[in-house]
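Work through the exercises below with the model open. Try each task before you read its solution.

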Number of protein chains: 2
Amino acid sequence: MASADWISSFPGLRKLEPDVAKPLIETSNVVHLSAGTRIFGPGHAPEAYLLLLQGTVRVQQVSETGREIVLYRVSAGESCALTTACLMGYEEYQAEGIAETDVDAVAIPRATFDELIATSATFRRFVFTAFSVRITNLLRVIEDVAFARVDVRLAQRLLQLGGDARHIELTHQALAAELGTAREVISRQLNEFQRRGWIATSRGAIDVLNADGLRKLASAP
Amino acid sequence: MASADWISSFPGLRKLEPDVAKPLIETSNVVHLSAGTRIFGPGHAPEAYLLLLQGTVRVQQVSETGREIVLYRVSAGESCALTTACLMGYEEYQAEGIAETDVDAVAIPRATFDELIATSATFRRFVFTAFSVRITNLLRVIEDVAFARVDVRLAQRLLQLGGDARHIELTHQALAAELGTAREVISRQLNEFQRRGWIATSRGAIDVLNADGLRKLASAP
DNA sequence: GTTTTGTCTGTGACTAGGTCACAGACTGCT
DNA sequence: AGCAGTCTGTGACCTAGTCACAGACAAAAC
């Protein structure tokens, strides 16, 4: 059973019918996963539908040759689309989900999930909308990988990862995995950005000095 | 109203509960679309859930710069995932669907679709499974675009498009759009394949002469 | 039949990006 | 201080994408 009133953390679920909310709360568990945990991946399917209360999950694809690409991140208040698809369609995926930070999540067992989908229009809508957003996201990834330049994509990613702090603790290798490219390519691009005074690099970290420069490149035609 | 007993064309729907099948048949229309019709695309959302009876639909993504990439094809007995996502999540997509051949399809209105999802476990399962398969597909596309070589991808695509007839009526430009690359790249690769005796090219068409050669490359490490 | 028009294909030169091999440089540990 | 493991830099080379333009072909127009 779930400890508290976590439903209110999810705007899409606040209007959940009370007689539906009750079994949901009763059969779900609030779980804690520590940073680095592999939540799902090829060969082990998720057992439950996860709603994140706290933390972020990184979903990525790993190729046979060992190269990686980040597909999207799931943050607090969201649910993982692949988990959803997996539960809904009874299919397995080649992508894997990693807890980037410590994560608190609500785990809804498959049986409850099935029942809620059947009985609650609100719940259906919540699940489907989340799903829809992810698909849009994946299409964007395809477009980026196929057609966008790496310098532009890197600038975008640095802005996104840096947040307000404008400080990013990632190795070049990890940044390459973000974009699905090679480490050397990232190193060279970062050198160029540094030469232009947009960033400062240090071992394992990057500081954004001139976000406007990056933004200009990031929105290039 | 639908003309006939089209439900039996869809294995996943054969077990549909009779009291559910009735409204489905009554409110759905069998429609005919001629080759080349744009079924959905940015700016005009699909109005109904489509089940294909005959023909194929190509779903592709077009970038601002005019480059294209084929995401997947929907054939007889299948449904279009993006349409599904769109109906389910009330979102719009940047991809477009084009009838590649003349198409016969069953159009299920949104209201009916919503009701069926709510009332029929069989229908839900049918929709979700189809959806799941598409997602797997999209992940594969991402992996290919990001990590696979174009010669390998082209060989795969030629085998797939050629079918048993081993004859493909596509221009180099169209093949480039299949893989999300540039026309010149395709031209050069085809020249190389021809030099190796695997294919014969003519204006607007390609004949596969040595499928084994292509297969060998297609399954390269 | 010939000309015109539009589409399709071929090619060279160049830029961007990915691969390979290896050299240093920076931790953290002993 | 010495050492191991990780992280970063770099040159050489290959693959892929871009640009510009030249022909080749097919169908329609004359």
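**Exercise 1. A helix pair**

At what angle do the axes of helix 5 of chain B and helix 8 of chain B cross? Classify the crossing and list the residues that meet.

*Solution.* Keep in mind that this is a predicted model.

Step 1. Locate the helices. Helix 5 of chain B covers residues 150-162, and helix 8 of chain B covers residues 211-218.

Step 2. Take the geometry. The two axes come within 8 Å and cross at roughly 135°.

Step 3. Classify the angle. Angles over 145 degrees would count as roughly antiparallel. Helix 5 and helix 8 of chain B are therefore oblique to each other.

Step 4. Assign the hand. The crossing of helix 5 and helix 8 of chain B is left-handed.

Step 5. List the contacts. Helix 5 of chain B brings B:Asp151, B:Val152, B:Ala155, B:Gln156, B:Leu158 and B:Leu159. They meet B:Ala211, B:Leu214, B:Arg215, B:Leu217 and B:Ala218 of helix 8 of chain B.

Step 6. Sort by class. This contact has eight nonpolar, one polar and two charged residues.

**Exercise 2. A sheet and its helix**

In what order do the three strands of the open sheet in chain B lie?

*Solution.* 

Step 1. Read the order. It is 1-7-3, with antiparallel pairing.

Step 2. Find the edges. Strand 1 (29-33) and strand 3 (48-54) of chain B each pair on one side only.

Step 3. Note the twist. From one strand to the next, it averages 35°.

Step 4. Check one pairing. Strand 1 of chain B is joined by five bridges to strand 7 (residues 103-109) of chain B. Within this pairing, B:Leu33 has B:Val103 as its bridge partner.

Step 5. Helix 3 (residues 110-119) of chain B lies across strand 3 and strand 7 of chain B. Helix 3 runs at about 70° to strand 7 of chain B.

**Exercise 3. The two chains**

Which rotation superposes chain B on chain A? Describe the contact between the chains.

*Solution.* 

Step 1. Apply the rotation. It is 180°, with 0.0 Å of shift along its axis, and the RMSD is 0.0 Å.

Step 2. Draw the conclusion. The two copies are thus related as by a two-fold rotation axis.

Step 3. Compare the surfaces. The same surface serves both copies, as 100% of the contact residues of chain B recur in chain A.

Step 4. Count the residues. Chain B gives 33 residues and chain A gives 33 residues.

Step 5. Name the elements. On the side of chain B that touches chain A, helix 2 (81-89), helix 3 and helix 4 (121-147) of chain B each give two or more residues. Helix 4 of chain B supplies the largest share, 17 residues.

Step 6. Sort by class. That side of chain B has 20 nonpolar, nine polar and four charged residues.

Terms used
Residues numbered from 1 in each chain as written. Chains lettered and ligands numbered in written order. Predicted model: local features only at pLDDT ≥ 70, side-chain atom pairs only at ≥ 80, totals over all residues. Least-squares fit on C-alpha atoms with pLDDT ≥ 70 in both. Contact = placed C-beta atoms within 7 Å. Axes fitted to C-alpha atoms, helices over the stretch in contact; angles between N-to-C directions. Helix = DSSP H or I, 4+ residues; strand = E, 2+ residues; numbered from the N terminus. Parallel < 35°, antiparallel > 145°, perpendicular 65-115°, else oblique. Left-handed = near helix turned anticlockwise from the far one by under 90°. Nonpolar A, V, L, I, M, F, W, Y, C, P; charged D, E, K, R; others polar. Pairing = 2+ DSSP bridges.
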